[in-house]
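The following exercises concern one protein chain and a single residue within it. Please inspect the sequence and the coordinates before reading the solutions.

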Amino acid sequence: MFDLLPYNTFGLDVKAYAGIIVRSVSDLKTVSAPETLILGLGSDVLFIDDYEGLAVINAIKGLEIVKTGRTYQVTAGGGVVLDEFIQALLSYGITGLENLSGIPGTVGAAPVQNIGAYGREIGSFITGVEVYDLDTHRAFTLSHDECAFAYRTSVFKEQKQRRYFITHVHFAFEEGFKPCLTYPGLDNDPSLTSAGAVRHRVLALRERKLPDPRFVGNAGSFFKNPVVDADKVATLKETWPDLPVYPTADGKFKLAAGYLIDKAGCRGITHGHAGTWEHQALVIVNRGQARPHEIVSLARYIAARVEELFKVTLIPEVRIFGRHGEVPWERV
């Protein structure tokens with residue numbers, strides 16, 4: 001059996017039937033199993049059972065930077081730690097991802113969820129993703145458009161693409177600092193005049209609001225911020241005038257899931273050894289020796305309370321895995 005405890009930040013005591021740590025593309029040529037699970041640091045996953053197949057851990061490193069005119073073309077290995085990647089970019093004077101500072105996980109996992117924070121999404125900077133198909137043992141590159149980035153999703157979450165092992169990610173960054181300061185905590189603060197200052201502020205905000213998975217098991221935001229239309233916003237604002245609302249590019253609006261969960265009375269609650277974080281209700285934590293069923297039960301309770309109070313459906317942001325692979329929320 002292969003221990004998955006180091007590869008899930010929830011800190012759940014789960015195992016896979018077997019495992020392999022991949023440090024180069026050539027290592028993938030030996031991977032052959034009917035059931036294969038691809039992992040980085042496991043910062044966006046919830047295991048609800050032991051996995052009965054092969055766990056393939058992405059540990060491919062490397063960073064390449066080429067400047068053409070005013071554009072930096074950057075390639076990073078899928079196993080590079082995301083925050084270390086952002087820090088390295090800033091050391092070269094390359095800006096754009098500073099709003100994503102402190103998000104746990106790897107570069108290879110970031111496109112799958114199209115991770116985002118404080119008004120920025122990583123997909124906006126990705127020009128291509130190199131993948132290795134574990135079914136056909138063929139390597140190729142998907143363009144930005146082929147990745148189909150959207151809010152907390154991408155083509156990599158579709159069933160047939162779950163056998164794609166992301167070996168490298170290509171980025172493009174324009175020279176010069178163009179701040180994104182629209183979210184609370186940044187709020188067009190005139191003192192944030194550099195990417196380094198923004199990174200420092202974001203890290204401070206995250207430290208104040210979010211638990212460090214090194215010490216408190218969690219997978220970050222458990223639920224996505226729900227997206228609704230203008231009529232729903234108007235209805236909710238009648239009762240909840242301070243409800244945070246963020247417009248999206250397609251004319252709809254994102255609601256702050258943490259606010260909904262908080263107002264539903266679910267901040268700081270505990271079920272068994274699982275609970276919601278006292279400083280950010282959107283985060284479900286392992287209070288010590290939590291079992292998967294405790295986390296699932298708590299999440300179901302939270303979603304039901306929000307549905308009852310706001311008539312808004314919460315959908316998990318975390319990816320959920322059972323004995324045979326990823327499981328849709330409605331089947332958990």
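Helices and strands are DSSP runs, of at least four and at least two residues respectively, numbered from the N terminus. The model is predicted.

**Exercise 1.** Determine where Glu 317 is found and whether this residue is buried or exposed.

*Solution.* 
Step 1. Glu 317 lies in the loop that runs between helix H7 (292-310) and strand S20 (319-322).
Step 2. A residue is classed as buried under 20% relative accessible area.
Step 3. The relative accessibility of Glu 317 is 16%, and therefore this residue counts as buried.

**Exercise 2.** Identify the residues with which Glu 317 is in contact, leaving aside neighbours within four places in sequence.

*Solution.* 
Step 1. Contact requires heavy atoms within 4.5 Å.
Step 2. The partners of Glu 317 include Gln 113, Arg 152 and Lys 157.
Step 3. Ser 221, Phe 222, Phe 223 and Lys 224 are also in contact with Glu 317.

**Exercise 3.** State how far apart the mean positions of the positive and negative charges of the chain are.

*Solution.* 
Step 1. The chain has 35 positive and 38 negative charges.
Step 2. Their mean positions are 2 Å apart.

Note on methods: Residues are numbered from 1 along each chain as its sequence is written. This is a predicted model: local features need pLDDT of at least 70, side-chain atom pairs count only at pLDDT 80 or more; totals for chains, interfaces and linings use all residues. Side-chain values use heavy atoms; hydrogens and water are left out. Buried means under 20% relative accessible area, exposed over 50%, partly exposed in between (1.4 Å probe, protein chains only). Lys and Arg count as positive and Asp and Glu as negative; His and the chain ends are not counted. The place of a charge is taken as NZ of Lys, CZ of Arg, CG of Asp or CD of Glu.
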